[in-house]
Amino acid sequence: MNRLGGETSPYLLQHADNPVDWFPWGEDAFAEARRRDVPLLISVGYSACHWCHVMAHESFEDEATAKLMNELFVNVKVDREERPDVDAVYMGAVQAMTGQGGWPMTVFATPGGDPFYAGTYFPRPHFQRLLHAVSQAWRQDREGVLAQGEKVVEALAERTGAPSGPLPTAETLDLAVRNLAESFDERRGGFGGAPKFPPSMALEFLLRHGTRKAVAMAETTMEAMARGGMYDQLGGGFARYSVDADWIVPHFEKMLYDNALLLRVYAHWWRASGSVLARRVVLETAEWLLREMRTPEGAFASALDADSEGPDGTHGEGLFYVWTPEQLREVLGEDDAAWATSVFEVTGTFEHGMSVLQLLADPDDPARFDRVRTALRAAREQRPRPGRDDKIVASWNGLVIAALAEVGALLDRPDLIDAARETAVLLDDLHTVSRGPARLLRTSRDGRAGANAGMLEDYANTAEGFLALYGVTGESRWFHRAADLLETVLTRFPDGSGGFYDAPDDGERLFQRPQDPTDNATPSGQFAAAGALLSYAALTGSARHREAAEAALGTVSALAGRYARFAGWGLAVAEAALGGPAEVAIVGPADDARTRALHRAALMSGTPGLVVALGTGRSGTVPADVPLLEGRGMVDGSPAAYVCRKFTCRAPVTTPAELRAELAR
């Protein structure tokens, strides 16, 4: 009996009609494996994963393969986005056994959950042979299988604990820039060769570092990504990665977390440089998020699939996005199609004569370009759309809140701030199950919260989003909600050595408690926690939060010289810590244009990690809602800004020019 029909995960629901007797992750599966005395077959993936779909079509929808799976194993299907803890510990096993990882992940485990054989995608004939071989080993060499499982668990246990060192210094951060430069692709941008993933966190660090070399690496990479096929030249938004070194052909799935992180860093590029390209990418990506990723509940869906249906009814990767010259002519006519073919590099860059659209140079006729692009996007809207995973993940929506709030303020788009606020309300109302300290649930769908506990990244990125939203709106609700979340970070996740585990101390017991301090596609939970803790300390003067942030950054010192690509967010936070960060208290009536001008001047500053507190200036009448505002008043009836570092403040200023000068000191 397939047991996935009642789940909230779109990925699990994709498998609810399989002939495989799937269990969702949980004690029922383990109990059934013990009762039948057979191994577990744990299959981990996610809804936008192309090869997950391939293995599903080849094996999980095949009656003969399903029959073998049902007879020989208890089968467990896991959405890695709902259960990153389960994914992390078993991915560690896969990498230890095979030297590589990826999805779909296929793990054979004892009824107690210890992995003893693992891999990723298996073609159906290979998979069927593997099922027989593993089952035979379980029956005929039980002692050897159990010993293998114990050996894997013991080996993984020896790897626990994050490398650490002292708080990063300016020399540490210079060393990280040199390390990034060693793998930097000077011609094409990015780091290393194919495939190329968007190095979002490293880009943020390089912009914050601010040296000519660092900024040049960031700008070269961001321009190359924005002009290549990894960026959707018609609709906005970035694909997950490029399969080649030139950013031409993407792996077409679009992930929420990539676009949230890239939206924010492109906004920071625009803020620093005034780049027209950066501004266009920011606006198009923000509008794509609102148009295609927003859910009826007011938050943002997780992903769009890579696959979609083609004109002949077959399914394939990227069919929604690619074009042939003939298709351009059908939509545009001969003259415009010939022009568009050149502008968008429609030269057979993909498969079967199709091309991914690029924009290697700005067109010479902007009006014609807008007309052509509008026509192509309208025609594309008639194609079958890629599937959407519409579950809401707290962590990734926290990233979106921070990005939309900042972009809305920087580019004067109140609708984006409203969207950030609405998302924050949903996380606060639906995902938060207790307060003081708060407890989060990781996912929801259709207004129904899932049962899975929030991980460290959920607390940290949601707190980061709430603090950014407070800095933009001055609504103290979000400051206090962030405080609740960070209290849970400090009480449920510490590892006792200055770092943090990825799962809470009262969460489900797995064969290993996950802990990975390095960035992957998103900031590591540890570095995200360090950033939010540092910002909160800057707003409150809390030594407890400051010390926890600095201890968590010790890992950066161990990674900067050799593995800086995997510590980008930690490096970015370290830049803020070394600079203070700057704390700006702005006091004055919210409806006063002078207050708004001071506020904008603060937000437009590129000072790493700057925090902003907004108050009315009613000093001495009521206690300040945010400690940074305590005792701060207007100056001779005029709105004022106080620039502080570590709660030591300089004399207030009353004009944007004076504020900019203070922040530049």
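Biologist: How many nonpolar, polar and charged residues are in the lining of the largest cavity?

Modeller: The lining has nine nonpolar, two polar and three charged residues. Here Ala, Val, Leu, Ile, Met, Phe, Trp, Tyr, Cys and Pro count as nonpolar, Asp, Glu, Lys and Arg as charged, and the others, Gly among them, as polar. This is a predicted model, where local features need pLDDT of at least 70, side-chain atom pairs count only at pLDDT 80 or more, and totals for chains, interfaces and linings use all residues. Residues are numbered from 1 along each chain as its sequence is written, and side-chain values use heavy atoms, without hydrogens and water.

Biologist: What is the volume of the second largest cavity?

Modeller: About 50 Å³. A cavity is a set of points, on a 1 Å grid over the protein atoms alone, where a 1.4 Å probe fits but cannot get out; lining residues have an atom within 4 Å of a point. A volume is the space filled by probe spheres set on the points, which are joined across faces, edges and corners.

Biologist: Which residues line the second largest cavity?

Modeller: Ser200, Met201, Glu204, Leu261, Arg264, Val265 and Trp569.

Biologist: Changing topic, how many disulfides are there?

Modeller: There are two, taking a disulfide as a pair of cysteine sulfur atoms within 2.5 Å. One joins Cys49 and Cys52, with the sulfur atoms 2.3 Å apart; the other joins Cys644 to Cys649, S to S 2.0 Å.

Biologist: Why is the Cys644 and Cys649 disulfide right-handed?

Modeller: Because the torsion about its S-S bond is about 95°.

Terms used. 1 Å grid on protein atoms, 1.4 Å probe; cavity = no way out; pocket = protein on both sides within 12 Å on 5 of 7 lines; lining within 4 Å.
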